[in-house]
Amino acid sequence: MPRSTKLQSASHARKKNSAPLIRCVIFDLDDTLYDCMGQRVRPAHRHAAKAVVKAGLKASVEAVYRTRMKAFRVDPILMHIDAEVARKFHAANPEVLSKIARDAYFNCPVGKLRLFSGTLPLLNMLHARGARVFVVTFGEPQIQKAKVKTLGLEKHPAIDKIFYADRDRLLTKEGAFQVIQQELDLPADQVLIVGDRAMSEIRAGNELGMHTVRIRRGEFASQYPQGKIEVADYEVRNISKVGKLPFRWGTNPKSTTETRRHGEIRK
Ligand SMILES: [Mg+2]
C-alpha cells in the first residue's frame with residue numbers, strides 16, 4: 001500500500017475509472033514545487049514585521065515577528081495573523097496595519113531558492129511521456145517571476161507555460177485552468193491539478209471536474225478542506241509520490257530511458 005491516501009468523495013465518483021489518462025498537469029508553485037515554508041514564509045513574516053514597526057507600530061521587530069509566527073501556528077491566513085498583531089500591540093488603525101503587513105509579506109525580496117528533489121524528475125517524466133505541463137502561481141507577479149527564475153523554471157523545456165494569478169484578481173487560478181483546458185481542447189478529466197491549498201487550486205480543479213492531488217505540507221498543511229469540494233482525489237506528503245499515483249501519463253509509450261522527444265506535434 002503506497003503512503004498516499006485515497007480520499008475519494010461521492011462527488012468524485014465519476015472519476016473512479018481505473019488509471020485515468022492524464023494529458024495535462026497543472027502545478028502550483030509555492031510549497032508544491034519547492035519548500036516555500038522553509039525558504040520563504042519565515043523571512044516574509046519578518047519582512048512584514050519590519051514594515052509595520054517602520055510604519056509606527058509601537059513594538060520591536062522581534063516581538064512582532066514572534067507574535068506573527070505564534071498566530072501562524074493557530075491559523076496561517078494573513079488576515080488572522082495581522083489581526084493578532086493589531087490586537088496585541090493596540091494598533092491605532094488595524095486595517096492600515098494589515099495592508100502594510102500584507103504588501104510587505106508579498107513583496108519580500110527573493111533570495112536563492114531550491115526545488116524539491118522530486119520536482120525535476122517528475123516534470124521531465126511527464127514531458128517525456130508527452131503530457132503538457134503548466135505552472136499556475138498566485139501572488140505578486142513580479143515576486144513570483146523572481147522565484148521562477150531563481151528556481152531555474154523560466155523557459156524550462158518540460159514546462160509549456162507559467163501563468164501568474166494575482167492579488168488584484170486580473171487572473172484567477174480557476175481562470176487560468178480554464179484558459180489552459182480550452183487552449184489544449186482537452187476534456188476536464190484529462191487534466192490533473194497538483195497543489196497544496198485545499199481552498200484554492202484543489203477547490204478550483206474539483207469545481208471544473210479535473211483530477212486533483214494535494215501535496216500536504218508547508219504553510220497551509222494545517223488547513224482542513226471546507227466541504228467535499230475542497231477534498232483532493234489524492235493526498236501525498238511529497239511531490240516525488242505524484243508520478244506513482246494510478247494515472248496513465250501522456251500519450252507517448254513508456255520508455256525506460258524517458259528520452260525527451262522534440263519535434264512532436266504540439267497543438
Ligand atoms: Mg502553494
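## H1 against H4

In this predicted model, helix H1 passes helix H4 in a right-handed crossing. H1 covers residues 36–54 and H4 covers residues 94–106, and their axes come within 8 Å of each other, crossing at roughly 140°. Angles over 145 degrees would count as roughly antiparallel and those from 65 to 115 as roughly perpendicular, so H1 and H4 end up as oblique to each other.

Who touches whom here? On the H1 side the residues are Ala44, His45, His47, Ala48, Ala51 and Val52, and they meet Leu97, Ile100, Ala101, Ala104 and Tyr105 of H4. Sort the residues of this H1–H4 contact by class and you get nine nonpolar, two polar and no charged.

## H2 against H3

Next up is the pair formed by helix H2 (residues 61–74) and helix H3 (residues 78–88), whose axes cross at roughly 135° and come within 9 Å. With that angle, H2 and H3 are therefore oblique to each other. The handedness of the H2–H3 crossing is right-handed.

H2 brings Val64, Thr67, Arg68, Ala71 and Phe72 to the contact, while H3 brings His80, Ile81, Glu84, Val85 and Lys88. How do the residues of the contact of H2 with H3 split by class? Five are nonpolar, two are polar and three are charged.

## Strand S3, covered on both faces

In a regular strand, side chains alternate between the two faces of the sheet. Strand S3, residues 24–27, has both of its faces covered. Cys24 and Ile26 sit on one side, Val25 and Phe27 sit on the other, and all of them are buried.

Which way does S3 run relative to strand S4? The two are parallel, and four bridges join S3 to S4, which spans residues 132–138. Within that pairing, Cys24 stands opposite Arg132 of S4. S3 also pairs with strand S6 (residues 191–195), again in the parallel sense and over four bridges. There, Phe27 has Val194 of S6 as its bridge partner.

You'll find Asp31 in the loop between S3 and H1. Is Asp31 buried or exposed? It has 25 other C-beta atoms within 10 Å, and because 20 or more is enough to count as buried, Asp31 is buried.

His90 is another non-glycine residue with a positive phi, near 50° in this case. His90 belongs to the loop between H3 and H4. Its surroundings give 10 C-beta neighbours inside 10 Å, and since 12 or fewer means exposed, His90 counts as exposed.

## The chain as a whole

Stepping back, the chain holds eight helices and nine strands. How much of the chain is buried? Of its 267 residues, 37% count as buried, and the residues of S3 named above are among the buried ones.

As for sequence separation, take the contacts in the chain with a separation of 6 or more: 68% of them come from residues 24 or more positions apart.

Conventions. Residues are numbered from 1 along each chain as its sequence is written. This is a predicted model: local features need pLDDT of at least 70, side-chain atom pairs count only at pLDDT 80 or more; totals for chains, interfaces and linings use all residues. Axes are lines fitted to C-alpha atoms, for helices over the stretch in contact, and angles run from 0 to 180 degrees between N-to-C directions. Angles under 35 degrees count as roughly parallel, over 145 as roughly antiparallel, 65 to 115 as roughly perpendicular and the rest as oblique. A crossing is left-handed if the near helix is turned anticlockwise from the far one by less than a right angle, and right-handed if clockwise. Two residues are in contact if their C-beta atoms, placed from the backbone, lie within 7 Å. Ala, Val, Leu, Ile, Met, Phe, Trp, Tyr, Cys and Pro count as nonpolar, Asp, Glu, Lys and Arg as charged, and the others, Gly among them, as polar. Two strands pair if DSSP finds at least two bridges between them.
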